[in-house]
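Please examine the sequence and the model shown below before reading on.

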Amino acid sequence: MSSSHTTRLNTMLLQSLWDFILGYHAWLRSPFFPVLFSLSVYLTFCLPFVVLDLLSPRLAWIRTFKIQQKSHVSWTMMWSCLAHSLYNHVVFLFPLTVLHWFWRPATFMPEAPGTLRLIWDVVACLLLFDFQYFIWHLLHHKVPWLYRTFHKVHHKHTSTFALTTEYSGAWETLSLGFFAGVNPLLLGCHPLTEMLFYILNIWLSVEDHSGYDLPWSTHRLVPFGLYGGAPHHDLHHLKFKSNYAPYFTHWDRVFGTLHKHSD
């Protein structure tokens, strides 16, 4: 099959997906949708790692994939993180979502984006978010007041697990949510592209905090060490003074803050 035929087929599949989503047009325009969407995607991605954490004390072969193999995740720790995340969503994110819904009602065009444009925009949003978070993160570690006041909460656990992904204060939750939300607007992304970027961004964040180095982990699929993944971010929580970028490694290389487990 030629590349042009493949592109047309992919575009048709995207259009079918977009038509299906538009079938829930009234729900998409609801002020409840953004918060419920992000929360449901987040919990869905956390669930497999929660199962691994519950099974790892009983199954030695699961522990072989844990980055910090001596760590143990209890029900109390999980519930504390989950309750904190739910609190942030209800108290902070939902009111802002309602304000945004009132100020800028959602609009949906009937045509899906082209395949190449979608891929380009998702990658661009991800790279831009990675840069924004790196700068934000670096400042909140280098400036003691910022760390004590805003970021220290997220570092309660030196051994990460999936539900620690959104264990953070209101300022951090809103800051990172702002970066993720504004980038598709800045780049003029299609709503479908925006949704796919959110899903990918949430997955990568959860995987980063999962505490597992699995054979199919994202950092193993991206060549040349360009993507740090869970080992990269787990080391940040363990040692605090390295690996500030959430996903990729190039900004830490440029600023001399890239450390590996072998360092």
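A residue is called buried when its relative accessible area is under 20%, exposed when it is over 50%, and partly exposed in between (1.4 Å probe, protein chains only). The model is predicted: local features need pLDDT of at least 70, side-chain atom pairs count only at pLDDT 80 or more, and totals for chains, interfaces and linings use all residues. Residues are numbered from 1 along each chain as its sequence is written, and side-chain values use heavy atoms, with hydrogens and water left out.

**Salt bridges**

A salt bridge is a side-chain nitrogen of Lys or Arg within 4 Å of a carboxyl oxygen of Asp or Glu. Side chains of opposite charge can pair when their charged atoms come close. The structure holds 3 salt bridges, tabulated here.

| Lys66 | Asp53 | 3.9 Å |

Helices here are DSSP runs of H or I with at least four residues, numbered from the N terminus. Lys66 is buried at a relative accessible area of 4%, and Asp53 is buried at 2%.

Arg117 and Asp121 are both located in helix H6 (residues 115-142), 4 residues apart, which is about one turn of the helix. Arg117 is partly exposed, at 43% relative accessible area, while Asp121 is buried at 4%.

Thr160 is found in the loop between helix H7 (144-151) and helix H8 (170-186). Its relative accessibility is 2%, so Thr160 counts as buried.

Two polar partners of the Thr160 side chain can be named. A polar contact is a pair of N or O atoms within 3.5 Å; within protein, one must be able to donate a hydrogen and the other to accept it, and residues adjacent in sequence count only if both atoms are side-chain atoms. The Thr160 side chain reaches the backbone oxygen of His209 at 3.2 Å, and a polar contact of 3.3 Å links it to the side chain of Asp234.

With neighbours within four places in sequence set aside, the residues in contact with Thr160 (heavy atoms within 4.5 Å) are Asp208, His209, Ser210, Gly211, Asp234 and His237.

Definitions and conventions: Helices (H or I, at least four residues) and strands (E, at least two) are DSSP runs, numbered from the N terminus.
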